[in-house]
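Let's take a friendly walk through one protein model, going from the whole chain down to a single side chain. Have the picture open while you read.

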Amino acid sequence: MNRAEKRRQRNLAGQAARNKKASTRQLGLIIEQSMDLAMRHHTAGRLSKAGSVYRGILKANPDHPVVLHLLGVIEHQKGENDVAVDLIKQALSVNPDYLEAHCNLGSVLKELGKLDAAAASFHRALSIRPDANAYNNLGITYAE
């Protein structure tokens, strides 16, 4: 292989690396914009639309803890608590210190009547950071 061919291959490799960085940035921007749209739908109560957008994000990034958690919240809001538990646990397997996910998992487990597991979730949330919502839910769980 002569110098010109080596130079051409180095240039192609550099161009491929730049293209990969650009496409990674573009994907991040698309995911961020999709998250904004999904959260607007979710906040407005358009759960099926929000869920569709969240699922689309998961196709691009299947281990996105925030999306897994929020999709679990939607399933909980729809009364699909077993599905909600699975999704929130997936989010926690990706990010074990996700305070809001622990709090919401505790709420779903409490609703399922799994009070010991719910209390454990609230305790885990509190071990991450003291949180009034977690304390409140823990007290309600103990009262039940």
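This is a predicted model: local features need pLDDT of at least 70, side-chain atom pairs count only at pLDDT 80 or more; totals for chains, interfaces and linings use all residues.

A quick definition to start: a helix here is a DSSP run of H or I with at least four residues, and helices are numbered from the N terminus.

**The whole chain**

The protein chain has seven helices and zero strands, so its pattern along the sequence reads α-α-α-α-α-α-α. Out of its 144 residues, 35% count as buried. Now take the contacts between residues at least 6 apart in sequence: 40% of these join residues at least 24 apart.

**Helix H3 and its partner**

H3 is made of 13 residues, and its first and last C-alpha atoms are 18 Å apart, close to the 18 Å expected at 1.5 Å a residue. Is this helix mostly covered or mostly open? Mostly covered, with ten of its 13 residues buried. Among them are Val67, Val73 and Ile74. Just after H3 comes Gly79, with a positive phi of about 90 degrees.

How do H3 and H4 lie relative to each other? Their axes come within 8 Å and cross at roughly 165 degrees. Angles over 145 degrees count as roughly antiparallel, and therefore H3 and H4 are roughly antiparallel to each other. The crossing is left-handed.

| Helix | Residue range | Residues in the contact |
|---|---|---|
| H3 | residues 65–77 | Pro65, Leu68, His69, Leu71, Gly72, Glu75, His76 |
| H4 | residues 81–94 | Asn81, Val83, Ala84, Leu87, Ile88, Gln90, Ala91, Val94 |

By type, the residues of this contact split into nine nonpolar, five polar and one charged. Several of the H3 residues here are also on the buried list of that helix, including Pro65, Leu68 and Leu71.

**Zooming in on Leu70**

Why does Leu70 count as buried? The cut-off is under 20% relative accessible area, and Leu70 counts as buried because its relative accessibility is 14%.

Which residues does Leu70 touch, once its neighbours within four places in sequence are set aside? They are Met35, Met39, His42 and Tyr54. Take Met39: Leu70 and Met39 are 31 residues apart in sequence, and their C-alpha atoms are 8.8 Å apart in space.

Technical notes. Residues are numbered from 1 along each chain as its sequence is written. Side-chain values use heavy atoms; hydrogens and water are left out. Axes are lines fitted to C-alpha atoms, for helices over the stretch in contact, and angles run from 0 to 180 degrees between N-to-C directions. Helices (H or I, at least four residues) and strands (E, at least two) are DSSP runs, numbered from the N terminus. Angles under 35 degrees count as roughly parallel, over 145 as roughly antiparallel, 65 to 115 as roughly perpendicular and the rest as oblique. A crossing is left-handed if the near helix is turned anticlockwise from the far one by less than a right angle, and right-handed if clockwise. Contact means heavy atoms within 4.5 Å. Ala, Val, Leu, Ile, Met, Phe, Trp, Tyr, Cys and Pro count as nonpolar, Asp, Glu, Lys and Arg as charged, and the others, Gly among them, as polar. The expected span of a helix is 1.5 Å times one less than its number of residues. Buried means under 20% relative accessible area, exposed over 50%, partly exposed in between (1.4 Å probe, protein chains only).
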